[in-house]
Amino acid sequence: MLDTHGKSTPHIQPDGAPIAETILLPGDPLRAKFIAETYLEGAECFNQVRGMLGFTGTHRGKEVSVMGTGMGMPSMGIYSWELINVFGVQNLIRVGSCGALQDQLNLYDVVMAQGASTDSNYANQYQLPGTIAPLASYQLLERAKRAADELGATTHVGGVVSSDVFYNANDQVNQRWASMGMLAVEMEAAALYLNAAAVGVNALALFTVSDHIMRQEETTPEERQTAFTQMMEIALTLT
Ligand SMILES: O=P(O)(O)O[C@H]1O[C@H](CO)[C@@H](O)[C@H]1O
Ligand SMILES: O=c1cc[nH]c(=O)[nH]1
C-alpha cells in the first residue's frame, strides 16, 4: 500500500488514506463507487475533491484502488499524472466505455486497447522527433486476455481511437479511423498510455462496448454505470 501521509494535489486529497499500487480507472466516478461497493472489502474513500470519488480496499486479499478520471484527455492527464508522479501508483487500468467501429463488435463485448491512436496534441509536450504510438503494457494486456478467456468473455484486442471530440462536426471521421482497422472510439486511453510511458509504469485500457457507432445501437446511462461487470472482473484479476 502506498503511504499518502503529507501528500496531496489540487485534485486528489487523501488525507492520509492509503492508495494501492494498482488502480482501476473508470471515467465515471459513480462507476468507481459501484466497483468499490460491489467488489472491494474494507473500502475506504480516499478522494472526494470535485466529486471524483476514489476508494481503496482489497479484492480476494489483494490491495486495489479505484477512482474516476472524468471525461477526455485533459482530465485523464491530470488524474493519472498525479497518481503516478505524486502518489507512486505503478499499475493503472482504465475500465471505460467505448463506441464500436467494426462490424464484428457487439454491445457489451470487451475491447482491450493494444494501442491508442489519437487526434489530441497531448504528446506534443514530449518534443519527440516524430509520432509516438501510445501502447499498453504488454504484460498487463497478456494477463487480461488470459483472464478474459477464462471468464468466457467475448474480447477484441487491437487499436482504439482516443478522441478529443464526442460530437464531431465531420461525419466522416469515424469511417476514416474504422478504415484503418481501429476497433472503437473513446476519449482517454492515449493520455493514460503516454503518462505511463513517460515514467515507465504500466497501463492498460479495457472497455465495454456501450454503443455501436455504425449500427446506431446503444446502452442506457444506468447500464454504463453498472452493467460492465465482465470488464471489471477482468481488471480485478490484475491486482
Ligand atoms: O465511460 P467512460 O469511462 O467515461 O468512457 C467513455 O465515455 C465518455 C463519453 O460518454 C468518455 O469518457 C469516453 O471515453
Ligand atoms: O467516447 C465514446 C465512448 C462511447 N461511445 C462513443 O461513441 N464515444
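The legends below describe close-up views of a predicted model. Residues are numbered from 1 along each chain as its sequence is written, while chains are lettered from A and ligands numbered from 1 in the order in which they are written. In this predicted model local features need pLDDT of at least 70 and side-chain atom pairs count only at pLDDT 80 or more, whereas totals for chains, interfaces and linings use all residues.

**View 1. The shell around ligand 2.** Ser-97, Cys-98, Gly-99, Phe-166, Val-185, Glu-186, Met-187, Ser-210, Asp-211 and Ile-213 are the residues around ligand 2; a residue is near a molecule if its C-beta atom, placed from the backbone, lies within 6 Å of it. At least two shell residues come from each of the strands β5 (91-100), β8 (184-186) and β9 (202-212). Strands (E, at least two residues) and helices (H or I, at least four residues) are DSSP runs, numbered from the N terminus. β5 gives the largest share of the shell, 3 residues. By type, the shell has 5 nonpolar, 3 polar and 2 charged residues (Ala, Val, Leu, Ile, Met, Phe, Trp, Tyr, Cys and Pro count as nonpolar, Asp, Glu, Lys and Arg as charged, and the others, Gly among them, as polar).

**View 2. Strand β3 and its two partners.** Strand β3 (residues 54-59) has 5 of its 6 residues buried, so it is largely enclosed by the rest of the structure. Buried means that 20 or more other C-beta atoms lie within 10 Å of a residue's own, exposed 12 or fewer, and partly exposed in between, with C-beta atoms placed from the backbone. Two strands pair if DSSP finds at least two bridges between them. β3 runs antiparallel to β2 (residues 41-47), with 4 bridges, and Glu-41 stands opposite Thr-58. β3 is also antiparallel to β4 (residues 62-67), over 6 bridges, where Thr-56 has Ser-65 as its bridge partner.

**View 3. Positive phi in turns and in a segment.** The hairpin of β2 and β3 has 6 residues between the strands, and Arg-50 in the turn has a positive phi of about 55°. In the hairpin of β3 and β4, 2 residues lie between the strands, and Arg-60 has a positive phi near 50°. Arg-60 counts as exposed, with 10 C-beta neighbours inside 10 Å. Asp-15, in the segment before β1 (22-25), is not a glycine but has a positive phi of about 55°.

**View 4. Helices α2 and α5.** The axes of α2 (residues 73-85) and α5 (residues 189-199) come within 8 Å and cross at roughly 30°. Axes are lines fitted to C-alpha atoms, for helices over the stretch in contact, and angles run from 0 to 180 degrees between N-to-C directions. The two helices α2 and α5 are therefore roughly parallel (angles under 35 degrees).

Terms used
Angles under 35 degrees count as roughly parallel, over 145 as roughly antiparallel, 65 to 115 as roughly perpendicular and the rest as oblique.
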